[in-house]
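Hi,

Here is the structure I said I would pass on. Have a look at it first, and my notes on a few of the helices follow below.

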Amino acid sequence: MKKFLSIVVAVAMFAFPAFAAEEVLVGEISTSTGDFAAYGFAEVESVKIALEEINAAGGVKVGDAMLPMRVIQYDCRTRNEDMVNAARRLVNQDKVVAVIGPSGSGLCISAAAVFNRGHVPHLGTLPTNPMVTMDERGKVRPYNFRICFLDPYQGAILATFAVKNLNLMKAAVLYDVSSDYSQGLREFFVNEYKKMGGQVVADEGHRGEDVDFRAQLTKFKEAKPDILVFPTMGKCTPLAIKQAREMGFTCPIIGGDGYGDFWWEIAGDAMENTYWVSHVDKGDPKLKGFFDKFEQKTGTECKEFMNAMMAYDCVYWLKDAVERAGSLDPEKVRDALEQTKDLKLMHCTLTMDEFHNPKGKEGIMLKAEGGKTSYFATIKPEM
């Protein structure tokens with residue numbers, strides 16, 4: 001294995017006499033360094049919490065045995081080549097039963113072939129691009145799954161919110177041409193917005209590493225939009241928000257589930273009057289116990305709460321699949337994942353559709369206000 005791939009082995013095991021020598025070995029790939037490090041930290045810590053809970057309760061029932069879960073975690077550094085190398089190691093050397101994470105669509109797509117050739121299921125936390133579970137021919141990737149809804153759906157959520165909730169019909173779109181996530185979300189928003197009578201008056205691209213968006217925003221000023229749409233994630237988004245406000249844009253800014261609480265540190269008060277798609281309402285009382293435990297374990301507030309909740313629930317989803325499969329054979333676990341129906345998790349009740357995506361999950365719009373985001377509306381677009 002190349003030296004640049006950093007390895008962190010997180011062992012969440014306890015001494016339980018009922019445990020057999022065997023274990024449920026799970027892989028995790030995170031973005032613990034790089035532009036998406038905040039997302040990766042949330043996912044890694046949440047997986048640890050889930051494993052500690054499961055092992056403290058006796059482990060995973062596989063046939064007649066109770067087995068502990070253990071995770072081997074690799075940092076892909078937000079790089080496709082590192083993602084592929086991590087996937088290869090987990091599949092071919094570590095022989096894990098399944099792999100969880102990360103959240104980036106492009107990262108998950110880059111390693112899809114590794115999981116399918118190796119016949120090891122992969123559970124994406126927040127990769128929303130359709131190509132994560134579908135190949136170029138429109139066929140389902142047999143070993144790829146996700147716990148989040150897709151870009152076509154959240155694109156429709158954004159369009160519905162702009163038209164029906166805000167009544168704003170002239171949009172300017174700023175998207176990242178180097179991101180599968182951003183390109184897909186842009187496309188689906190634009191298509192749905194136009195169907196609903198909206199007009200895209202400006203549509204400008206940039207690259208993920210860019211830090212200056214004034215040229216694109218100058219074109220937006222000329223087009224006179226009444227709403228800005230930023231289907232992006234990472235550090236570029238708060239930089240663009242801050243520059244937009246500095247250039248006089250006071251209109252609402254909306255975007256997808258790439259939102260991160262760390263954006264406030266970069267954009268400050270410029271975040272006010274922005275709205276973001278979410279899979280989770282952090283203020284939901286039934287989630288409070290998890291977020292309290294996260295803060296107790298890490299010493300920090302769970303800011304990237306979508307990533308945290310998805311990773312946590314992926315562990316319990318995998319536990320359920322292993323127990324229903326009654327086996328540590330990744331192919332049998334894959335079959336059980338595919339057959340998931342009405343599984344009650346922390347943030348939702350999960351049923352897989354025929355494309356390995358969750359069925360019927362509602363979207364939530366968060367409003368940025370007073371230094372934080374909070375629940376604003378539940379949106380279920382007609383599609």
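Helix 3 has a kink of about 40°, centred on alanine 111. Bear in mind that this is a predicted model. Even so, helix 3 (residues 105-118) reaches 20 Å from its first C-alpha to its last, close to the 20 Å expected for its 14 residues at 1.5 Å a residue. Ala111 itself is buried, and so are Ser105, Gly106, Leu107, Cys108, Ala112, Val114, Phe115 and Asn116. The cover over these buried residues includes helix 2 (80-94) and helix 5 (180-195), along with strand 2 (24-30), strand 6 (98-100), strand 7 (122-124) and strand 8 (144-146).

Next, a helix pair. Helix 1 (residues 37-56) and helix 9 (residues 288-298) have axes that come within 10 Å and cross at roughly 105°. The two are therefore roughly perpendicular, given that 65 to 115 degrees counts as such. On the helix 1 side, the contact is made by Phe41, Ala42, Glu45, Ser46, Ile49, Glu52 and Glu53, which meet Phe290, Lys293, Phe294, Lys297 and Thr298 of helix 9. By type, the residues of this contact divide into 5 nonpolar, 5 charged and 2 polar.

Last one: helix 10 (residues 305-325). Its 21 residues reach 30 Å between the first and last C-alpha, close to the 30 Å expected at 1.5 Å a residue. Helix 10 is mostly covered, with 17 of the 21 residues buried. Just after helix 10 sits glycine 326, which takes a positive phi of about 65°.

Cheers

Terms used: Residues are numbered from 1 along each chain as its sequence is written. This is a predicted model: local features need pLDDT of at least 70, side-chain atom pairs count only at pLDDT 80 or more; totals for chains, interfaces and linings use all residues. Side-chain values use heavy atoms; hydrogens and water are left out. Helices (H or I, at least four residues) and strands (E, at least two) are DSSP runs, numbered from the N terminus. The expected span of a helix is 1.5 Å times one less than its number of residues. The bend at a residue is the angle between axes fitted to the seven residues ending there and the seven starting there. Buried means under 20% relative accessible area, exposed over 50%, partly exposed in between (1.4 Å probe, protein chains only). Contact means heavy atoms within 4.5 Å. Axes are lines fitted to C-alpha atoms, for helices over the stretch in contact, and angles run from 0 to 180 degrees between N-to-C directions. Angles under 35 degrees count as roughly parallel, over 145 as roughly antiparallel, 65 to 115 as roughly perpendicular and the rest as oblique. Ala, Val, Leu, Ile, Met, Phe, Trp, Tyr, Cys and Pro count as nonpolar, Asp, Glu, Lys and Arg as charged, and the others, Gly among them, as polar.
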